[in-house]
Amino acid sequence: MKKITFSLFIFLFAYQFSAYAQEKSKSSGLSEPSQVFEPTPETLESINRTGFARCLTVESEALLQQKYPERLSSAEFEAWLSPKIQEVKANRTTNRSVFNIPVVIHIIHNGDAIGTGENITDAQAISQITVMNEDYRKLAGTNGGANTTGAAVDTEINFCLAAVDESGNPTTGVVRHVITPYSNNVADGAGGPDWETNADVQQMKTTTQWDPTRYLNMWVIRPGGLPINQGGLSGLLGYAQFPSNSGLAGAPAGGAANTDGVVAGYNAMGTIDLDDGTFILNGSYNLGRTMTHEVGHWLGLRHIWGDSDPDPLIDDSCGVDDYCDDTPNAGAPNYNCVTVTSCGSADQYQNYMDYSYDYCMDTFTQDQKDRIQTVMTNSPRRMELNASTACTPPDPEDLDGQIEIENLNVANCSDYSITPELTITNKGNNTLNTATISYNLDGGTNTNINWTGSLDLYESETIYLPQISNTIASHVFNVTLSNPNGGTDQQLNNNTDSRNYTITGSACTSSGSMQFGTSTTGVEFNTISNLNSGKLFPYTDNTNMVTDVNRESSYDLSVYYNPDGLFQTISYVWIDWNQNCSFDDPGEQYDLGTNNGSATETNLLSANSPLSVTIPNEAVLGNTTMRVTTKYTNPNENQFPTSCEEGLDGEVEDYTVNVLISLSVDEFALNSIRIFPNPTTNALNISLSNNDLPDAYKVFNMLGQVIMNRTISNNSDLSINTSALSNGMYFIKISKEGNTVSLPFVKK
């Protein structure tokens with residue numbers, strides 16, 4: 001039993017918590033609520049003793065209290081929860097409930113291969129669900145069923161990995177996101193960059209979270225940067241978002257629904273007991289109890305020592321409550337598995353809500369269970385979860401295959417043709433190797449294609465249909481997948497997608513004037529090299545000049561100009577990547593620079609040439625138009641070119657760009673190239689997995705301008721002196737045999 005009355009504690013806790021938060025806010029010097037964790041004495045002691053911040057849930061709650069003043073204080077939350085717990089206790093024998101919680105595990109990584117660094121394997125992530133079920137259900141024969149205290153109970157909470165995503169599609173429940181931390185791009189060791197600020201983690205959660213009324217969201221990150229006590233996240237094991245209240249008159253529920261869930265460091269997720277040889281776990285906390293502990297907070301449990309000392313100047317820590325009468329008083333956290341008597345009786349260091357090592361944890365008590373069950377019945381984003389069907393797989397009849405139209409645009413503005421791009425996905429239990437694809441335009445006669453391949457569960461393949469031409473302005477394109485595997489070892493499935501699209505008409509016309517000599521005198525883009533062309537017409541149709549480019553590859557674009565004297569000019573290029581006969585869409589305009597005049601020169605390189613142009617991954621396949629405009633611009637006015645301008649003091653030229661699919665790994669031999677250190681202060685090194693040297697490299701600034709250019713002839717050329725560069729972000733493009741790879745780096 002705790003030594004302090006509930007009402008007195010509420011007053012003292014509220015006073016201490018408020019004073020603590022105010023004191024920390026003042027010391028930070030911030031006028032707005034801080035986004036930095038302010039470590040409690042228990043956290044500081046944990047770092048001192050173990051090198052890890054065992055749990056930052058209390059610190060997280062303090063930040064939420066600052067950011068959302070309407071969120072109930074801890075004392076107000078307890079005042080709301082206490083009578084509901086009494087109801088649960090009074091009805092234990094008649095209202096026993098088993099709650100099922102669907103889980104989605106978000107693995108946040110920087111693009112490394114699965115099983116490398118923070119991009120942990122599915123097996124490691126899934127092992128965490130096994131541990132939590134053993135612990136929360138007190139399963140006999142497991143670590144969670146040891147019950148060395150004699151006080152452990154089955155909390156009757158089940159965890160299951162989601163079987164369907166928010167859109168109803170099948171999922172493994174483990175999803176991966178390639179996200180670079182927003183405030184840094186710093187690799188503190190192999191596998192970086194790491195997550196260094198709480199603000200970045202909170203923002204990341206809002207962009208990746210699945211519906212928190214249907215899923216418990218778990219995020220796996222690589223924490224790093226400064227130590228916790230200096231405002232960073234280095235040494236973090238995990239933290240949770242404490243539940244919100246519900247129904248307390250006069251106090252609205254707190255916010256932060258879009259960050260609700262739990263966070264774990266990648267090397268504290270899962271258990272070494274189930275290691276298949278791929279797990280990456282730290283040596284001290286490797287049995288999965290970090291997430292058992294954090295999910296306990298997410299379900300409303302507090303640390304067994306009560307989290308807060310009403311008066312740090314008085315040694316009365318044994319009087320602080322965790323609101324569970326059957327957890328013995330503890331004066332402080334236990335950091336190991338040694339029996340300690342801190343408040344007249346042995347501490348329950350085996351409790352999951354202590355700070356002891358994973359291997360000796362095995363107890364949730366009856367009062368902790370009552371608290372969990374009360375939260376699951378009453379708290380928002382907890383009470384809805386038992387009704388979620390996210391762990392129920394879709395109907396098998398819908399699982400054989402799925403087809404979606406990925407790309408359906410006008411591929412040629414003169415004949416109104418389309419080249420549909422489809423994605424076929426196997427969502428069944430057997431390998432998908434045959435299917436029939438039927439498609440038609442505006443409900444006309446079907447054209448059938450027999451597809452053959454080999455797709456395992458959740459694997460996909462992109463299919464490009466033949467070009468279709470029609471001069472009618474508006475169409476409906478329909479496509480159907482049928483007879484997977486010939487209808488033999490999988491059930492017959494008809495999966496249909498249809499898409500409306502509208503012809504926007506031919507590309508607009510644009511031309512200059514022959515009154516003055518301002519003009520484009522040369523264009524270079526990949527294999528297009530039209531130099532010293534001179535001004536013959538106000539508009540020149542060079543669409544017979546065609547260059548092939550690959551999605552996701554980068555190419556240099558250069559424009560040469562004639563200023564017609566001491567006059568300022570400006571050069572723009574537009575490329576109709578989505579092939580809708582318009583140059584006004586985002587990402588289709590390129591500024592080649594505002595250029596100086598010359599009394600003698602008539603063939604000058606524009607200010608931003610060469611400009612590196614990366615072909616968008618979503619660019620429509622096939623031929624599209626590239627438009628080049630150079631015009632006189634008054635230096636005292638913003639006279640920028642437009643793609644459909646007529647009568648400008650300058651010249652317009654059109655070329656053709658043929659978009660092809662991305663190069664495969666076999667075609668592209670540079671996938672093993674790495675650069676280090678990143679960020680760099682002096683030398684930037686190019687690293688290869690073999691001795692086959694690249695041909696050359698170029699370094700670009702953020703404007704796409706080339707600031708370094710070198711042919712690679714020996715290993716010494718793989719070290720680049722960046723000391724003369726200004727601080728900021730750059731790109732290095734490394735080429736070999738016509739192929740290129742572009743990598744970002746930071747100069748500090």
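**Opening question**

Is the crossing of α5 and α7 left-handed or right-handed? The crossing of these two helices, α5 and α7, is right-handed, meaning that the near helix is turned clockwise from the far one by less than a right angle.

**Basis of the model**

This is a predicted model, in which local features need pLDDT of at least 70 and side-chain atom pairs count only at pLDDT 80 or more, while totals for chains, interfaces and linings use all residues. Residues are numbered from 1 along each chain as its sequence is written, and side-chain values use heavy atoms, with hydrogens and water left out.

**The chain as a whole**

The chain holds 8 helices and 35 strands, taken as DSSP runs (helices H or I, at least four residues; strands E, at least two). Of its 748 residues, 53% are buried, that is, under 20% relative accessible area with a 1.4 Å probe, whereas exposed means over 50%.

**Helices α5 and α7**

Helix α5 (residues 122-136) packs on helix α7 (residues 289-298) at an angle of about 60°, their axes lying 9 Å apart. In contact (heavy atoms within 4.5 Å) are Q128, V131, M132, D135 and Y136 of α5 with R289, M291, T292, V295 and G296 of α7.

**Helix α2**

In helix α2 (residues 41-50), E42, T43, S46 and T50 are buried. Viewed down the axis of α2, these fall within an arc of 100°, so they line one face of the helix. They pack against α3 (57-67), while P41 and N48 are exposed on the other side of α2.

Technical notes:
Arc of directions from axis to C-beta. Axes fitted to C-alpha atoms, helices over the stretch in contact; angles between N-to-C directions.
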